[in-house]
Amino acid sequence: MEILTTAAALQAHTENWRRAGQHIGLVPTMGALHEGHLQLVRAAATECDVVVASIFVNPTQFNNPDDFRLYPRLPEADAALLAPAGCTALFLPSVSEMYPRPTVVQFGFGALERVMEGEHRPGHFNGVATVVSKLFHLSRPHRAYFGQKDFQQVAIVRQLISDLTFDLELVAFPTVREPDGLAMSSRNRRLSPEARALAPRLYQSLQAAAELLRGGHTAPAAVQAAVREQLAAVPGLELEYITVADAHTLQPLTDTYAGCPAVVCLAAHLGGVRLIDNVVVEGK
Ligand code: AMP
């Protein structure tokens with residue numbers, strides 16, 4: 001596996017791979033890799049000739065300076081995990097390499113970003129769209145792999161690909177979980193043992209919410225209230241939002257649930273660590 005640190009080096013490799021007719025898979029990450037990331041890389045290695053994994057803690061998508069500062073950074077350990085998973089090239093740029101000048105272009109995603117993460121993290125998806133566009137231009141992937149753990153991000157990237165006519169296929173990969181149900185996340189490393197023991201309650205409450213929705217007798221607003229009540233009982237847990245939304249438009253469902261594909265998304269703070277998770281309810 002090669003480690004590339006400059007945009008020019010990645011572009012040169014991309015050029016060669018494309019000329020040789022090789023199919024390129026891209027897996028963008030912020031590092032501190034776990035099994036969720038590695039499954040994306042393995043899927044890309046199965047489906048593509050070359051796999052580019054990027055590790056870049058993107059400052060423009062953080063609205064909280066402490067979250068950016070405390071984000072785990074473990075490039076050597078990450079590199080050691082990527083090669084056996086089938087990664088061909090690790091792109092590991094510095095901030096000045098990705099942002100030689102401050103950016104001016106702003107992305108707006110309308111209603112898609114006025115809910116959930118977009119509502120609670122102003123500017124987040126502008127930063128995501130900026131860095132993802134740069135990575136698409138530099139690596140020119142045939143397929144790009146994203147996790148459904150960041151459900152809204154997948155919707156935003158799908159819109160970005162469509163609006164800017166990026167010639168690639170988006171692969172949305174199911175959320176990989178710990179045996180106790182906690183969604184794998186680089187931020188889990190920052191949980192204290194006490195907080196880690198309580199963290200699976202998030203997924204349990206989401207599963208209960210999905211069951212209520214599937215049952216068809218509980219309005220989305222009542223489902224949200226049930227989750228609030230369950231999580232209020234967890235010591236040290238502060239729920240930021242719980243939203244039942246249409247899985248395609250991401251617009252909140254409140255009064256009635258007519259059986260469309262839906263998603264239940266939440267964000268919560270546990271012992272100073274912000275966690276997100278979601279479950280999808282297939283339509284009837
Ligand atoms: P991150 O490093 O957190 O920005 O994540 C990089 C990519 O891995 C994103 O597309 C995430 O959605 C995806 N990802 C993160 N955690 C998981 C997980 N537990 N299961 C599946 N994909 C994940």
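I'll start with His 248, which counts as exposed because its relative accessibility is 61%, and the cut-off for exposed is over 50%. Keep in mind that this is a predicted model. Where is His 248 in the chain? It is in the loop between strand 7, residues 237-246, and strand 8, residues 262-270. One distance for orientation: Val 227 is 21 residues from His 248 along the chain, and their C-alpha atoms are separated by 22 Å.

Now to strand 2, residues 24-29. How many of its residues are buried? The count is 6 of the 6, so strand 2 is largely enclosed by the rest of the structure.

Next, the side chains. In a regular strand they alternate between the two faces of the sheet. In strand 2, Ile 24, Leu 26 and Pro 28 point one way. Gly 25, Val 27 and Thr 29 point the other way. Residues of both sets are buried.

Which strands does strand 2 pair with? One of them is strand 3, residues 50-55, which runs parallel to strand 2 and is joined to it by 6 bridges. Within that pairing, Ile 24 has Val 50 as its bridge partner. Strand 5, residues 143-147, also pairs with strand 2 in the parallel sense, over 2 bridges. There, Leu 26 has Ala 144 as its bridge partner.

To recap: His 248 is exposed, whereas the residues of strand 2 are buried, 6 of the 6.

Note on methods:
Residues numbered from 1 in each chain as written. Predicted model: local features only at pLDDT ≥ 70, side-chain atom pairs only at ≥ 80, totals over all residues. Heavy atoms only, no water. Helix = DSSP H or I, 4+ residues; strand = E, 2+ residues; numbered from the N terminus. Buried < 20%, exposed > 50% of the residue type's maximum accessible area, 1.4 Å probe, protein only. Pairing = 2+ DSSP bridges.
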